[in-house]
Amino acid sequence: MNYILEGLKQGAALLLPPSSEILQIVALSLAVSGAATLLASLAAIPASLFLVLKEFRGKRFVVGLVNTAMAVPAVLIGLLVYGMVNRRGPLGPLGLLFTPGAMIIAQALLAFPLITALSLAALKGVARDARDLALSLGANRRQLAAAVIHQGRFAFLTAIIAGFSRVIGETGMTLMVGGNIKGQTRVLTTAISLETMKGNFEIGIALGIVLLLAALAVNVALQGLQGK
Amino acid sequence: MHILVENLGQTDGKKNILQGIDLEFAPGVVNVILGPNGAGKSTLLRLLGLLDKPGRGEIYYDGRRLSAMSRSERTSLRRRAGFVFQSPLLLAGTVAANLRFGPRLRNLPVSEQETSRVLEKNGLRGRDGQEARLLSGGEKQRLQLARVMLLDPDLYLLDEPTTNLDPLSVKNIEAAIARLAHEGKTVVLATHNLIQARLLAGKIFFLKEGRLVQAGAAAEVLNRPLSLDIAEFSAAENIIPGTLALRDGRTVLDNGRLAIEVVSARTSGRAAAVIRPEDILVSEKPIASSARNSFRGPVLAVADLGAVMALSVDCGGFVFTVFITRISCVQMNLAPGVEIFLTFKATSVHLLPLE
């Protein structure tokens with residue numbers, strides 16, 4: 001017990017003030033996960049709108065697929081992205097392996113089904129009424145989408161927060177395709193994992209505190225938007 | 001707007017919600033779609049308002065076929081129609097924000113003058129700044145109607161707009177509906193409220209289990225229902241099933257205890273007699289008249305309906321409902337237990353074939 005308290009104390013000391021290395025790791029974590037969440041959202045929001053508004057054959061199957069995709073282990077997505085971007089893979093010539101680019105792709109793939117499925121579930125309650133109202137007032141296609149997005153904005157925000165929280169805390173997949181290269185692809189989770197395994201428990205704790213604070217800060221900021 | 005519906009049908013998976021609907025709506029009168037819950041009234045309105053796609057059949061709007069319309073033509077058609085939903089669809093925000101939602105959505109200019117005019121018309125003057133979701137049920141429904149009226153459509157589709165409202169709100173909304181028809185709009189009102197139908201309807205379309213059972217001028221449908229379903233729904237009082245028979249050269253409907261003289265081409269088989277409560281005469285002594293039917297029985301109950309009094313009178317085991325004026329009721333000292341005579345003409349009996 002003592003040694004955990006000692007670790008906490010030393011970890012906190014390491015952050016006052018944080019070293020430039022820690023700051024860089026934090027910045028890269030936020031940038032990679034932020035970019036991945038943004039990419040995933042840009043695809044997930046139209047996808048969930050389509051799924052909630054459009055009636056088509058096999059819709060239930062597609063929705064089921066999206067829900068199932070939420071359960072795909074991150075490490076399998078890591079494997080897939082690794083296979084695509086390594087030198088012999090179809091995207092090999094782009095030289096993405098062990099770059100932030102590969103990490104963004106993998107995290108976006110992880111977040112996409114999650115944001116889609118959560119948006120879809122939350123939209124079901126509001127989308128039909130918003131659609132009926134907008135259509136009955138004479139909305140065209142674009143105006144209809146705008147009205148449903150506006151009515152569903154809380155649903156989307158909640159889903160996006162969940163997506164971001166999922167990817168910023170992800171370790172194994174990010175390590176596989178990013179490589180945890182110091183100064184290049186080292187993010188909070190991979191750094192924590194490495195330092196703890198090296199026996200630097202206090203550094204692990206320090207980074208853990210930062211990860212927690214970073215995740216908290218982004219959540220609070222997004223929820224602040226929701227309050228408006 | 002003139003609307004013609006041909007063989008319209010809608011299914012929900014396997015179940016038919018609507019089938020084989022043929023009808024016509026004209027402007028200038030209130031077209032009432034009457035029927036019990038689950039008859040398909042809302043589904044029909046949603047199809048008319050282009051909120052859902054018909055599974056089968058065709059709708060012509062001013063002679064133009066729905067199935068041949070492009071997406072933009074359908075949008076412009078929706079812009080000529082206004083829909084009032086059964087449970088008000090209001091957004092978080094003020095009354096004014098809800099009212100202006102239509103124009104804002106479509107980037108239309110709207111003047112202060114117009115908004116206050118429709119608010120005024122719907123009894124919501126000066127309520128602009130109020131939170132819409134905190135309005136009473138009746139106010140919410142009037143706000144919905146105001147929102148539609150602001151866009152001044154040619155076609156009004158009203159889905160049970162007065163369900164669960166207080167009597168004063170109902171009156172206000174009914175007055176607004178009558179005015180719209182009077183102004184020459186095409187008004188289609190779905191309701192299961194018979195009194196409302198009697199009050200407003202120019203034409204009645206009776207739906208049951210997804211089928212159109214009877215359509216026509218309101219008085220025709222209400223007074224001469226074509227089937228027992230409609231009679232039970234629209235004139236719930238005084239429906240007596242029995243067997244037709246010929247006695248002493250007269251046709252009677254016999255239910256085992258009462259023999260009611262009727263006018264009928266048929267003289268055998270099962271049938272039901274429908275007698276409207278206002279067609280029955282009440283007297284203390286038997287009256288000599290041309291009316292062929294007279295029965296004696298005790299008053300069971302007297303109910304005050306406001307404009308008229310409703311008596312329940314037990315004649316040979318059948319409890320008749322009879323409407324009389326308040327004055328007659330007082331003059332005759334009518335109270336439970338008093339024995340009276342009920343008299344009605346054979347021609348007042350509307351016969352429905354059974355089975």
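This is a predicted model: local features need pLDDT of at least 70, side-chain atom pairs count only at pLDDT 80 or more; totals for chains, interfaces and linings use all residues.
User: OK, what secondary structure does chain A have?
Analyst: Chain A has 10 helices and 0 strands, where helices (H or I, at least four residues) and strands (E, at least two) are DSSP runs numbered from the N terminus. Its C-alpha trace spans about 65 × 45 × 30 Å along the principal axes.

User: How much of chain A is buried?
Analyst: Buried residues make up 40% of the 228 residues in chain A; a residue is buried if 20 or more other C-beta atoms, placed from the backbone, lie within 10 Å of its own, exposed if 12 or fewer, and partly exposed in between.

User: How do α2 and α7 of chain A pack?
Analyst: Helix α2 (residues 20-53) of chain A and helix α7 (residues 153-168) of chain A pack at an angle of about 140 degrees, with their axes 9 Å apart. That makes α2(A) oblique to α7(A), since angles under 35 degrees count as roughly parallel, over 145 as roughly antiparallel, 65 to 115 as roughly perpendicular and the rest as oblique.

User: And which residues make that contact?
Analyst: Among them are Ser29(A), Ala36(A) and Ile45(A) of α2(A), together with Phe156(A), Gly163(A) and Ile168(A) of α7(A), and two residues are in contact if their C-beta atoms, placed from the backbone, lie within 7 Å.

User: Switching topic, where does chain B touch chain A?
Analyst: 13 residues of chain B are in contact with 12 residues of chain A, and the elements of chain B that give two or more residues to its side are α2 (71-79) and α4 (101-105).

User: What about the domains of chain B?
Analyst: The domain assignment, which is automatic or from a database, gives domain 1 (3-234) and domain 2 (239-353) of chain B. Their centres, taken over C-alpha atoms, are separated by 38 Å, and 6 residues of domain 1 of chain B are in contact with 5 residues of domain 2 of chain B.

User: Last one: is Gly63(B) buried or exposed?
Analyst: Gly63(B) counts as exposed because it has 8 C-beta neighbours inside 10 Å, and Gly63(B) is found in the loop between β4 (56-61) and β5 (64-65) of chain B.

Terms used: Residues are numbered from 1 along each chain as its sequence is written. Chains are lettered from A and ligands numbered from 1 in the order in which they are written. Axes are lines fitted to C-alpha atoms, for helices over the stretch in contact, and angles run from 0 to 180 degrees between N-to-C directions.
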